[in-house]
Amino acid sequence: MVDPRNVRISLRKQPQQARSSGLVEAVLEAAVQLLVAEGAVRFTMARVAQRAGVSVGSLYQYFPNKAAILFRLQSDEWRETSALLRTILEDREKPPLERVGALTHAFVRSECEEAAVRNALADAAPLYRDAPEATETKAAAHTAFRNFIEEALPGLTADHRDVVADLMKTTLSEVGKHVSEKARTAPEIEAYSDALADMLSSYLIRLNPSLRPDAG
């Protein structure tokens, strides 16, 4: 059995021209369509090439294996989510609890909008989740959470702040996954987001009562 940590998931080469960039984008779009339509089990290099309308040889010029395609889709999603989290958490013009509310609503909406692809990628996660690139890609979100917690809860030790950040990330992830497991109406998504934001805000207030809107 191949150790996932030894699977190559980086691009063989970066596209330099518009034509090659277009090929990579076509491959990624075809990969998304294939995942949504048939899931990860039937996901192969040959089927991606066929759907993208390119030769298998052209596909292998950029992607060494199917894990590389799947990881590119996953890492793009991680980067987008990480950028969303950082933009909200680093906006110090808004008080911490307001940022928690905005973060929660944006994250749950994102999970629901991308549920089909995300579920398919979850099935394929063993192919790349332990690879070094995967660890590096996810580190930015943890840093944003840790910095936010340091700002909101300055009285905590570094170890305690790490626990809080981990609990917030895990709670967001698990609730987002649960909510997105089936189709939801906009009011349902809003209700879940409101409840989750209240839970997280109450937790932070317990750790730092001065965060309460009417404090001081």
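**View 1. Buried residue V48 in the predicted model.** V48 has a relative accessible area of 0% and is therefore classed as buried, in a model that is predicted rather than experimentally determined. The residue belongs to helix α2, which covers residues 45–52. Setting aside residues up to four places away in sequence, V48 touches V27, A30, A31, L34, F43, L59 and I69.

**View 2. Packing of helix α5 against helix α9.** Two packed helices are described by the angle between their axes and by the distance between those axes. For α5 (residues 96–113) and α9 (residues 186–207), the angle is about 145° and the axes are 9 Å apart. The crossing of this pair is right-handed. On the α5 side, the contact is made by L97, V100, G101, T104, H105, V108, R109 and C112. Helix α9 contributes I189, E190, S193, D194, L196, A197, L200, S201, L204 and I205. Sorted by class, the contact of α5 with α9 comprises ten nonpolar, five polar and three charged residues.

View 3. E111 is located in helix α5. Its relative accessible area is 6%, and because the limit for a buried residue is under 20%, E111 counts as buried. Apart from neighbours within four places in sequence, E111 is in contact with E77, R118, G176, K177 and S180.

Note on methods
Residues numbered from 1 in each chain as written. Predicted model: local features only at pLDDT ≥ 70, side-chain atom pairs only at ≥ 80, totals over all residues. Heavy atoms only, no water. Axes fitted to C-alpha atoms, helices over the stretch in contact; angles between N-to-C directions. Helix = DSSP H or I, 4+ residues; strand = E, 2+ residues; numbered from the N terminus. Left-handed = near helix turned anticlockwise from the far one by under 90°. Contact = heavy atoms within 4.5 Å. Nonpolar A, V, L, I, M, F, W, Y, C, P; charged D, E, K, R; others polar. Buried < 20%, exposed > 50% of the residue type's maximum accessible area, 1.4 Å probe, protein only.
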